[in-house]
Amino acid sequence: MTKLMQDHRKRFGAFEVIEFVDEQEIAKLRAKTDVAAPLTLNWTWEYGSEVEELRALYEKGKVNQWNAESDLDWSAPVSKDEWVLNPEASMLAQICKLMGKDEATQKAAAFDELGHLLSQLLHGEQAALQICGQLTNACEKMDEKWYAASQVTDEARHIEAISKFLSRKVGTIYPINPSLKILLDELLRAETARKKTLGMQTLFEGMAVGIFGLLRSESRNPFLTEMIRRVEQDEARHAAFGILSMRRAVREADATEKAEMEDWAFGILEALNANQQLDMLHLLGPKYGIDPENITKLTLGMPNWAELNSLVYMHTVVPNLRNLGLITERTEGQYRDLGMLYERQRTETASGLSLIA
Ligand SMILES: [Fe+2]
Ligand SMILES: [Fe+2]
């Protein structure tokens, strides 16, 4: 199987990273805003409910709507002079500290890194909006169409909340990471509703839930905590849709299709993981005198690297894929080798699953 972004692979010891350094190439990727996405739409004449649990999820979504403008107290302060997250949660702040920089610089670096991370989540939210729009067309059943349409509204609200947070509180929206742009385009171009659902709802939303969960647990700022709590609540519903749909899809798939889904899922997550924050380090590192490659080499050499690195994967996406039967003994070792599956983790139920029960 060919790996994604093969031309940008580089070995750091035993680990292969994905790195973009050519500014012109990066600018070109970002400027490519039109993506040809093949789509077969489906009519249905069955207006009654056929998939009870999806209808229930749609109903849950209706009662849990919120208003990003009026349900959040936008007058609450967020300042780069305070620790918005715990200092240990920021890679840049930790490096600045090791380099002997003062606390004000560490705080500023942590604030930049948070702005960068939220910006990437924001671009991901836009991809979710686009994909759910596609799903309303591509899905076969009315329950799925209703659900996907309701998720379009949710994603619009997430874009609203996060973009307003970045403009009003952070002051910058950072551009999309080149590797993320390529992966999101890959999902948007996926030909079937099944693949789109696996890619967006299971993989990306699973990752996003993991990142939001970690952000919320590290947050020291009440406004940020509340905004994330609200977004997370919606995302758990989206992840639940992903699991419900994929359970049906996996049940119906033959062994070849199942293996194909397993490989595709691994390929996307492997590529996400192979970037190892390099895109962020290239963008923000120079401001703080940080060399991206050196830092990445040091990080990869840490004795507890696999344990730390797998946190965000083990939060939701890996347990969900296992639960679906999309991580088998065929790929499990590879996940483990890449530090994306680390056993001695919390054993909480994958998020999304609790909504289905
Ligand atoms: Fe979202
Ligand atoms: Fe979502």
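Modeller: First, the accessibility scale: a residue is buried under 20% relative accessible area, exposed over 50% and partly exposed in between, using a 1.4 Å probe and protein chains only. This is a predicted model, where local features need pLDDT of at least 70 and side-chain atom pairs count only at pLDDT 80 or more, while totals for chains, interfaces and linings use all residues. Residues are numbered from 1 along each chain as its sequence is written, chains are lettered from A and ligands numbered from 1 in written order, and side-chain values use heavy atoms, without hydrogens or water.

A salt bridge here is a side-chain nitrogen of Lys or Arg within 4 Å of a carboxyl oxygen of Asp or Glu. That rule gives 32 salt bridges.

Take lysine 141 and glutamate 50. Their closest N and O atoms are 3.9 Å apart. Lysine 141 sits in the loop between α4 (103-138) and α5 (142-170), and glutamate 50 in the loop between α1 (23-31) and α2 (52-63), so this bridge ties together parts that are 91 residues apart in sequence. (Helices are DSSP runs of H or I, at least four residues, numbered from the N terminus.) Lysine 141 is partly exposed, at 26% relative accessible area. Glutamate 50 is partly exposed too, at 42%.

Next, a pair within one helix. Glutamate 103 and lysine 107 form a salt bridge with an N to O distance of 3.9 Å. Both residues lie in helix α4, four residues apart, or about one turn of the helix. Glutamate 103 is partly exposed, with 43% relative accessible area. Lysine 107, by contrast, is buried, at 18%.

Helix α15 (residues 329-337) holds another such pair: glutamate 332 and arginine 336 are four residues apart, which means about one helical turn separates them. Their side chains form a salt bridge, and the closest N and O atoms are 2.5 Å apart. Glutamate 332 has a relative accessible area of 22%, so this residue counts as partly exposed. Arginine 336 is also partly exposed, at 35%.

Beyond such pairs, there is a network. Lys3, Arg9, Arg11, Glu16 and Glu270 are joined into one by salt bridges that share partners.

Technical notes: Helices (H or I, at least four residues) and strands (E, at least two) are DSSP runs, numbered from the N terminus.
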